[in-house]
Amino acid sequence: MSWSTFWTIIWVVDTLLVAAAIITVLRRPREPRAMLAWILALLFLPFLGLILFMLMGDPRITRTRKRRYKRRQKLHVTLRHQVECLERYHGHLTSNEPPPANTSDLINLTTRISGRGPTRGNEVSIYHEDEQNFNAIMAAIEKATDHVHLEYYIFQPDETGSVLRDLLVHKVSEGVQVRLLVDYIGTWNWPRSFKRSFRDGGVKLGFFLPVVPWRGRWRVNLRNHRKILIVDGAVGFTGSQNIGDEYRGRLAKYGPWRDTHMKIEGPAVHQLQEIFAEDWYYTTREDLTDNKYFPKLNRVGSQTIQVVASGPDSEIHIMHHLLLSAVAGARKSIAVLTPYFAPDTAMILALQSAAYRGVRVQLLIPNCSNHWVTLWAGRSFYYELSQAGVEIYEYDLALLHSKVVVIDNSWGMVGSANMDQRSFRINFEVTTLLFNEALAEDLQRDFDNLLAKARRMELTGHRDWSFRQSLILGIARLASPLL
């Protein structure tokens with residue numbers, strides 16, 4: 001076979017596959033910008049566009065192979081039944097106390113689309129310092145007597161990861177059950193020895209959505225971005241902090257690092273446990289429906305919170321609805337702290353509309369990032385937002401990795417979700433809504449302290465950027481539907 005014949009065959013095959021991919025895009029409607037971006041990539045990036053589509057093209061996942069679906073539905077029903085029984089047993093969980101001001105509509109929406117309502121009687125501790133949070137996690141695990149469940153996007157095989165691994169192995173030797181669920185892509189750099197050390201130590205290990213091309217598992221973009229820890233079904237941790245030296249500000253490459261994480265005690269821990277149990281079952285097929293994982297919990301505090309899970313396994317874009325509803329419901333102020341800002345048109349319009357209504361909208365973003373395309377994609381929206389009155393600040397003293405929203409200084413949300421399209425539609429995320437003024441004031445106070453050290457972006461038009469920067473802005477914005 002001549003080279004010309006070989007390349008002709010390759011081009012014909014590529015053309016047929018591209019046509020099939022475009023048909024797939026058209027038959028699975030989503031946001032027009034994202035559809036158009038994929039079609040253009042397929043047409044104008046020969047071979048590369050097709051490879052990218054095979055790896056990242058479908059933003060949805062269905063946990064619906066018949067046997068798995070039936071077992072997962074059974075698990076879900078069982079867990080919901082247990083939680084409902086607990087709610088009836090503890091009347092304070094579903095008491096008739098009025099919801100915080102201006103949040104009843106949001107609570108109704110979130111409960112309807114997520115399937116999990118708010119719980120009362122919780123005690124929440126917020127950590128703004130990474131070392132403080134890591135020490136609290138270690139202390140909670142040391143006190144475990146029955147089980148420890150961990151779910152992380154990134155768990156680095158470095159000093160921090162090794163210290164936590166050693167503690168988990170030690171707890172297994174004391175008779176504690178330990179399950180660790182990590183994302184396959186987020187832990188791609190694990191050496192075999194590190195993986196083996198968990199299993200040899202008795203830790204049950206699961207890798208979420210492994211990429212195994214020879215088994216038809218191509219997708220690399222549907223990632224489990226959640227950060228969850230549950231100890232004995234009674235104490236939970238969640239927020240934005242992964243496990244690794246950089247997340248404790250110990251790597252010179254990134255410098256100081258800042259996350260917002262929480263310790264939760266009370267009924268809401270059952271919601272975290274349920275999320276973990278569903279993800280663990282999907283990954284390992286082990287059912288965690290034993291009552292010991294959902295012990296009876298007494299009122300610990302007076303705080304009302306709601307744990308919301310979102311991801312591409314739902315036809316509803318839960319995080320997108322949640323954020324849009326929160327912004328639309330604001331009356332006085334909106335404070336947004338996010339490391340990655342690549343919103344869609346709907347979110348831009350919502351923020352602009354809030355500013356035009358007279359709501360003070362403040363957006364805080366780090367000006368150093370480990371994802372530069374997302375940073376510049378966000379910057380491409382600065383001018384149109386600032387023209388509407390949105391205050392935009394960039395922070396350069398640390399890499400801000402917190403994902404925080406505070407509304408009217410009366411309630412807030414903390415979690416793993418960024419304000420970008422990956423968190424809206426592609427990643428598995430978990431967010432906690434804090435319907436408590438004291439907690440909201442804590443978040444707002446920390447936000448204001450960071451804002452005082454940040455630089456406000458005063459923009460008047462395209463001339464604010466150099467020729468090179470304006471090109472980068474345009475390219476990054478063009479790619480934003482795919483981020």
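Which residue in E9 is the bridge partner of Thr 119? In this predicted model, local features need pLDDT of at least 70 and side-chain atom pairs count only at pLDDT 80 or more, while totals for chains, interfaces and linings use all residues. Residues are numbered from 1 along each chain as its sequence is written, and side-chain values use heavy atoms, with hydrogens and water left out.

The bridge partner of Thr 119 is Ile 305. Helices (H or I, at least four residues) and strands (E, at least two) are DSSP runs, numbered from the N terminus. Two strands pair if DSSP finds at least two bridges between them. Strand E1 (residues 119-127) is antiparallel to strand E9 (residues 303-310), with two bridges. E1 also pairs with strand E8 (residues 261-265), again in the antiparallel sense, over five bridges. In that pairing, Ser 125 stands opposite Lys 263. Seven of the nine residues of E1 are buried (under 20% relative accessible area, with exposed over 50% and partly exposed in between; 1.4 Å probe, protein chains only). The strand is therefore largely enclosed by the rest of the structure.

The protein chain holds 16 helices and 19 strands. Of its 483 residues, 57% are buried. Contact means heavy atoms within 4.5 Å. Among contacts between residues at least 6 apart in sequence, 82% join residues at least 24 apart.

Confidence was examined next. Over residues 64-74, pLDDT stays under 50, and the model has 15 contacts beyond four places in sequence for them. Residues 85-97 also stay under 50, with 23 such contacts.

A salt bridge is a side-chain nitrogen of Lys or Arg within 4 Å of a carboxyl oxygen of Asp or Glu. By this rule the count comes to 20. One of them joins the side chains of Arg 116 and Glu 278, at 3.6 Å from N to O. This pair links distant parts of the chain: Arg 116 is in the loop between helix H5 (104-114) and E1, whereas Glu 278 is in helix H9, 162 residues apart. Arg 116 is buried, at 5% relative accessible area. Glu 278 is buried as well, at 7%.

Asp 146 forms a salt bridge with Lys 292, the closest N and O atoms being 3.9 Å apart. Asp 146 lies in the loop between helix H6 (130-142) and strand E2 (147-152), and Lys 292 in the loop between H9 and E9, so the pair ties together parts 146 residues apart in sequence. Asp 146 is partly exposed, at 26%, as is Lys 292, at 32%.

Asp 183 and Arg 223 meet in a salt bridge of 3.0 Å, N to O. Asp 183 sits in strand E3 (residues 177-183) and Arg 223 in the loop between strand E4 (204-208) and strand E5 (228-231), 40 residues apart. Both residues are buried. Salt bridges that share partners join Glu 131, Glu 159, Arg 248 and Arg 250 into one network.

Two loop residues complete the picture. His 401 lies between strand E14 (399-400) and strand E15 (404-407). It is buried, at 4% relative accessible area. Its contacts, not counting residues up to four places away in sequence, include Trp 257, Asp 259 and Tyr 340. Pro 295 lies in the loop between helix H9 (268-284) and E9. It is partly exposed, at 24%.

Notes. pLDDT is the predictor's confidence in each residue, from 0 to 100.
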